[in-house]
Amino acid sequence: MINFRFHIVSLIAVFLALAVGVVFGATVVNNVIVDRLNDRIDTVEDNANRRKAESDELRSEVGRLQGYIDGTKDFAVAGRLEGVPLVTIATRGVDADAVKQTVELAQRAGARAPGIIWLEEKMTLSEDGALRELGELLGRTGQSVKVTRDDAWNALASRVASGGGAAANGRELLSALAEAGFVSFEPVGNQGENFSPASLSGGDARVLLIDGTNGQVAGNEVLAPLSNALTANRLRLVVGEVVDEQDGGPQRGAMLNPIRSSDALKQTVSTVDDLDLVEGHVAAVLALADLNRNVVGQYGYGTGATTSTPEWSNQ
């Protein structure tokens with residue numbers, strides 16, 4: 001006869017069997033899961049190692065190519081600007097080394113390029129005192145910021161084109177602007193020794209105008225309006241962009257868009273959107289040389305560029 005104790009023992013035996021099955025089953029399943037996870041980790045590590053090897057190889061290749069460009073740049077531009085006067089105007093805040101290296105390369109190409117005219121942050125005219133002071137220098141007070149700055153660009157372009165010009169106070173214009181802190185002059189190399197901006201001559205000068213993502217003068221208030229002023233004075237012009245590439249920052253070529261999208265300017269002004277790179281220095285010098293043949297182009301890698309560098313010419 002089966003009594004109550006037998007039922008209790010049977011139930012306990014069943015639960016013990018279930019417990020043992022769960023434990024052994026979980027152990028087997030866990031081992032399978034762990035093995036699969038380990039396999040996946042190994043696969044990810046292998047992929048990461050391959051990507052790193054590819055990245056290192058590409059980085060090494062870029063370094064070799066950059067070294068090749070750097071080593072041959074002097075040969076590429078030799079004699080291209082022989083005896084050509086070059087005026088370089090740049091916005092303070094952009095990479096000064098990139099600007100200076102471009103001027104030095106132009107010098108090695110034969111250009112007469114004594115240095116850099118820097119447009120200082122004061123030209124933003126963010127303070128009423130600066131606006132009033134610049135208006136007094138130009139002889140036109142009481143104007144808006146934009147009108148006063150445009151007047152300054154027109155006066156500067158006229159000064160570069162003619163080789164002379166005075167401020168409203170009778171002083172030579174560049175000297176007056178420099179004394180007031182709106183511009184400054186940085187000599188470059190031997191050509192810059194004992195050079196005074198007041199002696200800057202015009203005539204057949206080419207102009208290299210440079211701005212960039214770190215420029216301290218009000219954004220979009222330099223390249224297009226100053227380019228218009230310079231070309232209106234029949235100056236041959238190359239405009240360069242120095243990019244400080246950052247996540248979420250402006251795209252390469254963005255600052256040149258007002259020129260590259262202008263039906264009038266893109267026919268007469270060459271642009272280079274990679275002046276922060278060695279190849280941009282070369283492209284700028286070759287573009288300046290091509291202006292002698294009335295060849296204009298949009299160079300670089302950003303939006304609106306049509307090719308990386310000017311086509312080779314024996315001229």
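In the predicted model, Asp-46 is located in helix H1, which spans residues 4–77. With a relative accessibility of 42%, Asp-46 is classed as partly exposed. Asp-46 also belongs to a negative surface patch, whose other members are Asp-35, Asp-39, Asp-42 and Glu-45.

Salt bridges were examined next. Side chains of opposite charge can pair when their charged atoms come close. Twelve salt bridges were counted in the model, and three of these are described here, beginning with the pair formed by Asp-151 and Arg-140. In this pair the N to O distance between the side chains is 3.1 Å. Asp-151 is part of helix H4, whereas Arg-140 sits in the loop between helix H3 (128–138) and H4, so the bridge ties together parts that are eleven residues apart in sequence. Arg-140, at 41% relative accessibility, counts as partly exposed.

A further salt bridge joins the side chains of Glu-221 and Arg-149, with an N to O distance of 3.5 Å. Glu-221 lies in the loop between E4 and helix H6 (223–232), and Arg-149 lies in helix H4, so this contact ties together parts that are 72 residues apart in sequence. The relative accessible area of Glu-221 is 23%, which places this residue in the partly exposed class. Arg-149, by contrast, counts as buried at 4% relative accessibility. Helix H4 thus contributes Asp-151 to one of the bridges and Arg-149 to another.

In the remaining bridge described here, Asp-290 pairs with Arg-293, and the closest N and O atoms are 2.8 Å apart. Asp-290 is buried, with a relative accessible area of 5%, while Arg-293 is partly exposed at 30% relative accessibility.

Helix H4 covers residues 145–162 and also contains Arg-159. The relative accessible area of Arg-159 is 1%, and the residue is therefore classed as buried. Arg-159 and Ser-201 are 42 residues apart along the chain, and their C-alpha atoms are separated by 8.7 Å.

Aromatic contacts were also considered. A pair of aromatic rings is described by the distance of the centres and the angle of the planes. One aromatic pair is present in the structure. This pair consists of Phe-185 and Phe-195, with a centre-to-centre distance of 5.2 Å and an angle of 40° between the planes, and its geometry is tilted. Phe-185 belongs to strand E3 (residues 183–187) and Phe-195 to the loop between E3 and strand E4 (206–212), so the contact ties together parts that are ten residues apart in sequence. Phe-185 is partly exposed at 22% relative accessibility, and Phe-195 is likewise partly exposed, with a relative accessible area of 24%.

Backbone geometry was then examined at two asparagine residues. Most residues other than glycine have a negative phi, and most peptide bonds are trans. Asn-194 has a positive phi, near 60°. Asn-194 is found in the loop between E3 and E4, the loop that also holds Phe-195. A relative accessible area of 85% places Asn-194 in the exposed class. For Asn-294, phi is again positive and near 60°. Asn-294 is situated in the loop between helix H8 (278–290) and strand E7 (298–299). Asn-294 is exposed, its relative accessible area being 67%.

The segment after E7 includes Ala-305. At 25% relative accessibility, Ala-305 is classed as partly exposed. A distance of 9.7 Å separates the C-alpha atoms of Ala-305 and Arg-252, which are 53 residues apart along the chain.

Key. Residues are numbered from 1 along each chain as its sequence is written. This is a predicted model: local features need pLDDT of at least 70, side-chain atom pairs count only at pLDDT 80 or more; totals for chains, interfaces and linings use all residues. Side-chain values use heavy atoms; hydrogens and water are left out. Patches are made of residues with over 30% relative accessible area and no salt bridge: like charges are joined within 9 Å, nonpolar side chains (Val, Leu, Ile, Met, Phe, Trp, Tyr) within 5 Å. Accessible areas come from the Shrake-Rupley method with a 1.4 Å probe; for residues, only the protein chains shown count as cover. A salt bridge is a side-chain nitrogen of Lys or Arg within 4 Å of a carboxyl oxygen of Asp or Glu. Lys and Arg count as positive and Asp and Glu as negative; His and the chain ends are not counted. The place of a charge is taken as NZ of Lys, CZ of Arg, CG of Asp or CD of Glu. Helices (H or I, at least four residues) and strands (E, at least two) are DSSP runs, numbered from the N terminus. Buried means under 20% relative accessible area, exposed over 50%, partly exposed in between (1.4 Å probe, protein chains only). Rings of Phe, Tyr and Trp (its six-membered ring) pair if their centres lie within 6.5 Å; planes under 30 degrees apart count as stacked, over 60 as edge-to-face and the rest as tilted.
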